[in-house]
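Hi everyone, thanks for coming. Let me put the chain up on the screen, and then we can walk through it.

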Amino acid sequence: MKYHHHGYVSHDPRIQAPAGAGIDRPEELPERVDVLIVGAGPAGMITAAQLSQFPGIVTRIVDRRAGRLEVGLADGLQPRSLETFEAFGFAQRLAAEACHVTKTAFWKPDPQNPADIVRVSRVDEDPHDVSEYPHLTVNQARVLDYFAEFMTNAPTRMKPDYGYEFLGLTVADEGDYPVAVRLARVGDASGGQRIVHARYVVGADGGRSGVRKAIGLALQGVSSNHAWGVMDLLADTDFPDIRTKCAIQSEADGNILLIPREGGFLFRLYVDLGEVNESDAGAVRNMPVEQIIERAQRIFHPYRLDVREVAWHSVYEVGHRLCDHFDDAIPVAGKAPRSPRVFIAGDAGHTHSAKAGQGMNASMQDGFNLGWKLGHVLEGRSPARLLSTYSAERQKIGQDLIDQDLRWATQMAKSSEAFATHAEFEQAYLRITEFAQGFMTCYAPSMIVAPAAHQSLAAGYPVGKRFRSAEVMRVADANRLHLGHEARADGRWRIYVFADSARAGEDSPLAALGRWLDESPESPIRGYTPAGLDENAWFDLKVIYQQDYAAVDIGRVPAVFLPRVGTHRLPDLENVYAALPDRDIFQLRGIDRQGAVVIVRPDQYVANVLPLTATDELAGFIRSFAARQQ
């Protein structure tokens, strides 16, 4: 965390000074806003949190609830989400209170006595070591609390406006604030409405999204006609793996997915309720919790399950549904395409089973993808056509998610006899692990994802996939740290320059690139960062040397990597790193020893890989998405 560059700070440095929309922020919802977000769930809150870092943008988020969520729906946090939380500054704090899931135990009917269950194997939750972060479980409400804290401490001093019901919206063909949104106070017997005019609207209002319906979109898909009961329990039990994630198959009563929860005592059960008759018409959702408990007790046999408290429960039918578009710019034959004004995110655009732990996780990636793009367009950093990449990128990921989840839900619903061997079930679980953890997302080439023409220079950073962190040594203070953890959700692009084998100060391709970045009008620093801002305000440059940190003379590092920032124009020395002798990032991530430039988007996805000498290609790529400022 960096502070003091605007003067000495003695208070909590996480509390940023108010600026722009955060100065004298009105308590009452204004009549005009730049962005109106409907729904304060995971997708809406991360979108708002990202936009809270853009002081000049007026963003408000409304929700029909009376206040903060108290009983969470989702509970699983995949490693990709923790990587995202690191950018918002609360990954470590959340991990300290969460339950760490490290193993999955598999149980099946005892061959000697099939009425009983027996443990047959345990597997690592992350067998491929694809992230430094674990799989966690924690109440969704706590995740929202952390985002709310981040927003409150941001320059815009943002907080949700609770108690507003979405009634509808209309989009005009012209005007600075073309979207008119109708809202009403929840519980207002007078029937009074108010209109909020917005430049853009984000519908993060769940599976029954009113925003989605207002722009003429619908979820398409199927239900499996298979019901599951889910319960958060406090119970006295002699089941030995009650604090371990378990996939349990019984002989005659269905299956259970057991998820340990935070706090040491709470756990969640997804209880197989079997096939639902097509004429059921949703009646299964009214099943008493006592019946779900009874089924769970039969599945756990011969172990005892004495339930003392049900913190929350629900019954749902597995459904897999997806919108074919995530914004209102739906192509119409014979009409010119237009820029989108209304977007949907999270469950408003895709719904699926809960057992793969993707609802909250995928929804937050929707919001992270969209938030910075709205910020860049509204600030004039990028053209409006950038916003069209949101639906193009996230709708495909939604389809991938549905396909994978359908396969996993089908596996979980099978009886033990449907598998030839137990190993077949275990392998089915392992095959979905990397996708479930959030690491199979790969965005296709676009204005913000280049073709992978130079991928061989950085094989470990596939273009279109998330930037995978690795440890390095910070030269200025000899601190060993994760390179990816230094990136914050501040809306900046990252340019990681992996040096050639020359030392700092020697004439080399790195030195030549440093001069170009510092002097050329085509440089992102000189051509696309407004005069008067810090040199690294919009593009964060970092250099990683191959030598041991003690061999890097920071006084001879190209000046562009030591930008002068803040009121006092102090040099920022913390952008220079060196490879570690025991965990060399060049070797771990397949970086060519001739060096490479890895360009990373504000949402942590690799956008391009280039040679150190490819300044023309670098300039052309920057031009594809950035608006010239100088």
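When I say that two residues touch, I mean that they have heavy atoms within 4.5 Å. Keep in mind that this is a predicted model.

With that, take Thr137. It touches Asp75, Gly76, Ala98, Cys99, Val101, Ile259, Pro260, Arg261 and Glu262, leaving out residues up to four places away in sequence. Where does Thr137 sit? It is in strand β7, residues 135–137. Is Thr137 buried or exposed? Its relative accessibility is 0%, so Thr137 counts as buried. One of its neighbours deserves a second look. A polar atom of the Thr137 side chain lies 2.5 Å from the backbone oxygen of Pro260.

What covers them? Just after α2 comes Gly89, with a positive phi of about 85 degrees.

Two of those covering helices pack on each other. Two packed helices are described by the angle between their axes and the distance between the axes. For α1, residues 42–51, and α7, residues 359–378, the angle is about 30 degrees and the axes are 7 Å apart. Angles under 35 degrees count as roughly parallel, so α1 and α7 are roughly parallel to each other. The crossing of α1 past α7 is right-handed. On the α1 side, the contact is made by Pro42, Ala43, Ile46, Thr47, Gln50 and Leu51. On the α7 side, the residues include Met360, Met364, Phe368 and Trp372.

Remember Gln50 and Phe368. Both are touched by Ala489, which also touches Gln53, Ala87, Phe88 and Phe150, again leaving out residues up to four places away in sequence. Ala489 is in the loop between β20 and β21. Its relative accessibility is 2%, so Ala489 counts as buried. How many residues separate Ala489 and Ala87 in sequence? They are 402 residues apart. In space, their C-alpha atoms are 4.9 Å apart.

A word on the database record. An unreviewed UniProt entry lists residues 443–629 as "domain: Phenol hydroxylase-like C-terminal dimerisation". Over residues 443–629, the chain is 16% helix and 20% strand. The end C-alpha atoms of that stretch are 27 Å apart.

Now some backbone details. Most residues other than glycine have a negative phi, and most peptide bonds are trans. Here are some exceptions.

First, Ala478. Its phi is near 55 degrees, a positive value. Ala478 is in the loop between β19 and β20. With a relative accessible area of 35%, Ala478 is partly exposed.

Next, Gln604. Its phi is near 80 degrees, again positive. Gln604 is in the loop between β26 and β27. Gln604 is buried, with a relative accessible area of 12%.

Last, a peptide bond. From His301 to Pro302 the bond is cis, with omega near 15 degrees. Pro302 is in the loop between α6 and β16.

To finish, find Ala489 on the screen, then look for Ala87, 4.9 Å away from C-alpha to C-alpha. Thanks, and over to you.

Methods. Residues numbered from 1 in each chain as written. Predicted model: local features only at pLDDT ≥ 70, side-chain atom pairs only at ≥ 80, totals over all residues. Heavy atoms only, no water. Helix = DSSP H or I, 4+ residues; strand = E, 2+ residues; numbered from the N terminus. Buried < 20%, exposed > 50% of the residue type's maximum accessible area, 1.4 Å probe, protein only. UniProt positions renumbered as here; feature names shortened; annotations may be inferred. Polar contact = N/O pair within 3.5 Å; in protein donor to acceptor, adjacent residues only side chain to side chain. Axes fitted to C-alpha atoms, helices over the stretch in contact; angles between N-to-C directions. Parallel < 35°, antiparallel > 145°, perpendicular 65-115°, else oblique. Left-handed = near helix turned anticlockwise from the far one by under 90°.
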